[in-house]
Amino acid sequence: MIKDLTETSAESLELTFEAAVTELESIVRQMESNQLPLQDTLAAFKRGTMLLHHCQKTLADVEQQVRILSDDGKSQSLQAYQDHD
């Protein structure tokens, strides 16, 4: 079932990035199953939106920290990570 939405802003979420992503994935699975009643679907959508914003903000904060900590942060842009399996 969807978590209670008493917390209404992304900043008030006290979740790690990983926990937020896991919960967001769970919400997506629930919504894709088409098993939720309409009101629960709306609540899931709202919660998912908050989690998404929380994750985006966390990633932006980490990206800024990486830029600050990099040796040549002013002239070097971050490159997209490519997994070479």
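Me: Why is Leu 52 called partly exposed?
Reply: In this predicted model, Leu 52 has a relative accessible area of 39%. Buried would need a value under 20% and exposed one over 50%, so 39% falls in between and Leu 52 counts as partly exposed.

Me: Where does Leu 52 sit, and how far is its C-alpha atom from that of Phe 17?
Reply: Leu 52 belongs to helix H2.

Me: How do you know that the span of helix H2 agrees with its number of residues?
Reply: Helix H2 covers residues 38-69, which makes 32 residues. The expected span is 1.5 Å times one less than that number, so H2 should span 46 Å. The C-alpha atoms at its ends are 46 Å apart, so the two values agree.

Me: What makes His 54 a buried residue?
Reply: His 54 is another residue of helix H2, and its relative accessibility is 11%. The cut-off for buried is under 20%, so His 54 counts as buried.

Me: What does the side chain of His 54 reach?
Reply: The backbone oxygen of Leu 15, at 3.0 Å. A polar contact takes N or O atoms within 3.5 Å, and 3.0 Å is within that limit.

Me: Which other residues of H2 are buried, and what covers them?
Reply: Besides His 54, the buried residues of H2 are Ala 44, Arg 47, Gly 48, Met 50, Leu 51 and Cys 55. Helix H1, residues 17-32, is included in what covers them.

Me: Arg 47 is on that list. What makes its pairing with Glu 23 a salt bridge?
Reply: The closest N and O atoms of Arg 47 and Glu 23 are 2.7 Å apart. The rule asks for a side-chain nitrogen of Lys or Arg within 4 Å of a carboxyl oxygen of Asp or Glu, so the pair qualifies. The link joins distant parts of the chain, since Arg 47 is in helix H2 and Glu 23 is in helix H1, 24 residues apart.

Me: Are the two partners buried or exposed?
Reply: Arg 47 has a relative accessible area of 6%, so it is buried. Glu 23, at 13% relative accessibility, counts as buried too. Both values are under the 20% cut-off.

Me: How many salt bridges does the rule give in total?
Reply: The count comes to 3. One of them is between Lys 57 and Asp 61, with closest N and O atoms 3.1 Å apart. Another joins the side chains of Arg 67 and Glu 63, at 2.9 Å from N to O.

Me: Why are Arg 67 and Glu 63 said to be separated by about one helical turn?
Reply: They are 4 residues apart in helix H2, which means a separation of about one turn. Lys 57 and Asp 61 also lie in helix H2, 4 residues apart, again about one turn.

Me: Over to helix H1: why is Ile 27 called buried?
Reply: Ile 27 lies in helix H1 and has a relative accessible area of 4%. That value is under 20%, so Ile 27 is buried. Its C-alpha atom is separated by 6.7 Å from that of Gly 48, 21 residues away along the chain.

Me: Which residues make up the largest nonpolar core?
Reply: There are 5: Ala 20, Ile 27, Ala 44, Leu 51 and Cys 55. H1 and H2 are the elements that give two or more residues to this core, and the largest share, 3 residues, comes from H2.

Me: What does Ala 20 touch?
Reply: Leaving aside residues up to four places away in sequence, Ala 20 touches Leu 15, Leu 51, His 54 and Cys 55.

Me: And the chain as a whole: how many helices and strands, and what share is buried?
Reply: The chain has 2 helices and 0 strands. Buried residues make up 15% of its 85 residues. Of the contacts with a separation of 6 or more, 75% come from residues 24 or more positions apart.

Conventions:
Residues numbered from 1 in each chain as written. Predicted model: local features only at pLDDT ≥ 70, side-chain atom pairs only at ≥ 80, totals over all residues. Heavy atoms only, no water. Buried < 20%, exposed > 50% of the residue type's maximum accessible area, 1.4 Å probe, protein only. Contact = heavy atoms within 4.5 Å. Polar contact = N/O pair within 3.5 Å; in protein donor to acceptor, adjacent residues only side chain to side chain. Core = buried A, V, L, I, M, F, W, Y, C linked by side-chain atoms within 4.5 Å.
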